[in-house]
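This report concerns the pairing of aromatic rings. A pair of aromatic rings is described by the distance of the centres and the angle of the planes.

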Amino acid sequence: MHDIITLPGLGGSGETHWQTIWERTDARFTRFQPASWDQPDLDDWEQSLERTVRRCAKPPVLVAHSLACLLVAHWAARLPSAIAGAFLVAVPDPDGANFPVQAVSFRPLPNSPLRFPSLIIASTNDPYGGLETSQKFARAWQSALIVPGELGHINASSGLGAWPQGRALLDAFRAGLRG
């Protein structure tokens, strides 16, 4: 089985976020650690991800939330390390009104296809990225797209707890990956 790297977004994922819950219940999950969750620097985040990927015995699966989805696109365009696939949840709109000013280094966003299988999970009422944005990125990145309904930003504030639906989607995605 693949190692799994969790990539929280701005602020990290707190104790009640599904990423943190999944990490606590499955030893295959490893969280990447940038210098700051609150003052994200794209170069630092890329290097942190690269270090984490290189520690894996074989190509891992990335499980990214929010700003970290943008990190995956940047990292994939710049660094050649092998990835089995990327599960991208709640992709924010870097040009949207709610995009955090402290994440300006994540603009502009690469629009080239990702070099590995990817799946975007999008909510119909995400305040940080509309469905149209997720559809645009799915086309540009050649990612599959699943829209499970109104889940807000698909974070702890959405009240999802362990988010069993998301875990089932991740498990199905991973089952379809090579190696």
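Which residues do ring pairs link into a cluster?

## The aromatic cluster

In this predicted model, the cluster joined by ring pairs consists of Trp 18, Trp 22, Phe 29 and Trp 163.

## Ring pairs in the model

The model contains ten aromatic pairs. One of them is formed by Trp 18 and Trp 22, whose ring centres lie 4.6 Å apart with 55° between the planes.

## Setting of Trp 18 and Trp 22

Helix α1, which spans residues 18-25, holds both Trp 18 and Trp 22. The two residues are four positions apart in the helix, about one turn. Trp 18 has a relative accessible area of 1% and is therefore buried. Trp 22 is likewise buried, at 2% relative accessibility.

Trp 22 also has a charged residue over its ring: Arg 167 lies over the face of Trp 22, 5.7 Å from the ring centre.

## The pair of Phe 32 and Trp 37

Phe 32 and Trp 37 form an edge-to-face pair, with 5.5 Å from centre to centre and an angle of 85° between the planes. The pair is classed in this way because its angle is over 60 degrees.

Are the two partners buried or exposed? Phe 32 is buried, with a relative accessibility of 0%. Trp 37, at 16% relative accessibility, also counts as buried, because the limit for that class is under 20%.

Notes: Residues are numbered from 1 along each chain as its sequence is written. This is a predicted model: local features need pLDDT of at least 70, side-chain atom pairs count only at pLDDT 80 or more; totals for chains, interfaces and linings use all residues. Side-chain values use heavy atoms; hydrogens and water are left out. Rings of Phe, Tyr and Trp (its six-membered ring) pair if their centres lie within 6.5 Å; planes under 30 degrees apart count as stacked, over 60 as edge-to-face and the rest as tilted. Buried means under 20% relative accessible area, exposed over 50%, partly exposed in between (1.4 Å probe, protein chains only). A charge sits over a ring if NZ of Lys or CZ of Arg is within 6 Å of the ring centre and within 35 degrees of the ring normal.
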